[in-house]
Amino acid sequence: MNQQEPIRDARTLGIPKMLILGLQHMFAMFGATILVPIIVSKQYGLPLSIQTTLFFAGVGTLFFHLCTKLKVPAFLGSSFAFLGGFEMVGSLNTGIYATMSASDKLARACGGIVIAGLLYLILALIIKLAGVKKVMRFLPPVVTGPIIVCIGLSLAPSAISNASTNWPLALIALAIIVVCNIWGKGMVKIIPILLGVVGAYLVALIMHMSGMTNPDGSAILDFTEVASASFLGLPPFQLASFDLTAILVMAPIAIATMMEHIGDMSAISATVGQRFIEDPGLHRTLVGDGIATALAGMFGGPANTTYGENTGVLELSKVYDPRVIRIAACFAIVLSFIPKVADIIGSLPASIIGGISFILYGMISAIGVRNIVENQVDFTKSRNLIIAAVILVCGLGFSSGITFVVAGTSITLTGLAIAALAGIILNAILPGNDYVFGANPSGDQNRGIHQ
């Protein structure tokens with residue numbers, strides 16, 4: 001079987017195919033993106049809107065592309081890292097929060113998100129002043145590779161949990177993707193994710209109309225919200241409010257998401273074989289992510305982050321043109337004004353999302369392994385083994401993160417943030433660092449940097 005050549009200018013495929021590719025990226029991000037407001041509203045009692053979330057996922061992605069000179073094929077969706085912060089703000093019941101409405105609590109949580117986004121700009125300024133090459137010396141392949149592996153593997157339980165709601169549907173979605181990607185020709189080979197979604201959804205519809213249910217007895221498809229949704233409607237924007245308590249809860253989470261951002265940029269760079277960390281520059285990608293997050297928070301949306309799901313789609317489709325991502329962003333914005341269509345897509349069974357995730361999340365981890373191999377990391381050396389081991393255990397072991405108290409407020413660092421910090425610190429203090437920046441240009445370029 002011939003290796004599929006990457007497509008860096010999707011215009012050669014024609015506008016109809018570009019639109020289909022954009023639709024595929026939208027489907028890839030949709031499940032996870034709307035899951036954040038669903039959890040925040042149904043479990044934490046804060047009225048975070050799906051429409052608002054979709055709107056700022058699209059607008060934030062477009063802002064990110066403007067900040068990065070339209071070069072980086074990244075999609076920005078809802079960040080799961082801030083769920084702990086939403087839960088904490090939602091459960092506050094002392095002082096002014098004792099009698100505060102859920103809507104006002106959400107406004108203050110979003111104010112903390114605005115400050116978190118601004119912290120990205122501070123790190124971007126440090127990188128701009130010090131130079132990305134000096135900063136990246138603290139992030140050699142032995143650190144970034146295992147972090148990328150953790151990004152994929154940390155999502156694995158989510159894939160299993162979703163798939164387990166209906167294994168037959170999950171396996172059908174997975175099978176369609178595998179068959180289309182391995183044996184498909186032409187456009188079929190390029191859009192396996194979208195075909196997996198559509199094919200499995202049609203099967204789910206047939207099963208539902210036949211009276212079949214999920215193993216737990218629940219309906220395979222639920223159209224309750226679809227029936228009550230209107231065809232057109234503005235997203236319910238809400239201006240953020242600023243309160244020190246909520247800021248101390250939400251803003252420090254940016255430490256975690258900034259470390260994850262660097263890992264995601266390395267993963268995207270490795271996937272498409274371009275040095276995005278140097279060109280357009282890590283400082284620009286951080287500014288784009290920070291502005292997108294602050295903008296979303298200012299008007300009642302969740303924090304944004306670069307999405308690994310869409311990195312998996314890039315690896316699978318081999319279409320690396322950022323224009324396709326921008327088309328997906330426009331689709332997300334349009335959907336945010338059509339509640340009924342958004343709810344129809346939102347009715348996609350969790351099992352199908354789980355089946356798709358088997359491929360997407362695994363692809364991310366495989367990219368991390370490739371990152372290590374192509375950079376020729378020497379694991380016969382104890383220091384490299386120790387660094388990689390600590391990163392992997394921290395990234396996967398601290399599933400609930402670490403919570404500590406600052407000024408009477410609990411703050412949680414995610415497992416990925418702990419892993420990144422541990423890896424960077426160990427690499428800096430352990431003797432025997434044999435990594436020389438620029439000694440392996442092809443490997444450096446695979447990580448997104450170049451001499």
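Biologist: What share of the residues in the protein is buried?

Modeller: Buried means under 20% relative accessible area, exposed means over 50%, and partly exposed is in between, with a 1.4 Å probe and protein chains only. Here, buried residues make up 57% of the 451 residues. This is a predicted model, in which local features need pLDDT of at least 70, side-chain atom pairs count only at pLDDT 80 or more, and totals for chains, interfaces and linings use all residues. Residues are numbered from 1 along each chain as its sequence is written, and side-chain values use heavy atoms, leaving out hydrogens and water.

Biologist: Thanks! Why does the radius of gyration agree with a compact globule?

Modeller: That radius is taken over C-alpha atoms, and the globule rule is 2.2 Å times the number of residues to the power 0.38. For 451 residues a compact globule would come out near 22 Å, and the protein has 21 Å, so the two agree. Along the principal axes, the C-alpha trace spans about 65 × 65 × 40 Å.

Biologist: And how many helices and strands does the protein have?

Modeller: Both are DSSP runs numbered from the N terminus: helices are H or I with at least four residues, strands are E with at least two. This protein has 21 helices and four strands. To see how the chain folds back on itself, look at contacts, meaning heavy atoms within 4.5 Å. Among contacts with a separation of 6 or more, 82% link residues 24 or more positions apart.

Biologist: Which residues have the most contacts inside the largest nonpolar core?

Modeller: A nonpolar core is a set of buried Ala, Val, Leu, Ile, Met, Phe, Trp, Tyr and Cys residues joined through side-chain atoms within 4.5 Å. The largest one holds 71 residues, and V40, F82, F86, M250, M265 and L282 have the most contacts inside it. There is also a second, separate core of 48 residues, which includes I177, I193, L348 and I352. Zoom in on V40 and, beyond its neighbours within four places in sequence, you will find G45, L46, L48, L83 and F86 in contact with it.

Biologist: Now a residue I can click on. Is Q51 buried or exposed?

Modeller: Q51 counts as buried because its relative accessible area is 16%. It sits in helix α2, residues 50-67. A polar contact is a pair of N or O atoms within 3.5 Å; within protein, one must be able to donate a hydrogen and the other to accept it, and residues adjacent in sequence count only if both atoms are side-chain atoms. The side chain of Q51 reaches the backbone oxygen of S336 at 2.8 Å. Leaving out residues up to four places away in sequence, Q51 touches G233, L234, P235, P236, S336, F337 and P339.

Biologist: How many residues apart in sequence are G233 and Q51?

Modeller: They are 182 residues apart in sequence, while their C-alpha atoms are 9.0 Å apart in space. G233 belongs to the loop between α11 (224-228) and α12 (244-250), and at 22% relative accessible area it is partly exposed. Past residues up to four places away in sequence, G233 touches Q51, S336, F337 and P339.

Biologist: What does the side chain of T33 reach?

Modeller: It reaches the backbone oxygen of M29 at 2.8 Å. T33 lies in helix α1, residues 15-42, and is buried, with a relative accessible area of 0%. Again not counting residues up to four places away in sequence, T33 touches T53, L54, A57, G77, S78 and Y307.

Biologist: Let's turn to the backbone. Where is the cis peptide bond?

Modeller: Look at D279 and P280: a cis peptide bond joins them, with omega about 15°. P280 lies in helix α14, residues 277-298.

Biologist: What about phi of K69?

Modeller: K69 has a phi near 60°, a positive value in a residue other than glycine. L70, which is not a glycine either, has a positive phi of about 60°. K69 is in the loop between α2 and β1 (76-78), and L70 lies in the loop between α2 and β1 as well. K69 counts as partly exposed at 44% relative accessibility, and L70 counts as partly exposed at 42%.

Biologist: Last one: how many disulfides does the structure hold?

Modeller: A disulfide is a pair of cysteine sulfur atoms within 2.5 Å, and the structure holds zero. As for individual cysteines, C110 is buried at 1% relative accessible area, and C180 counts as buried at 12%.
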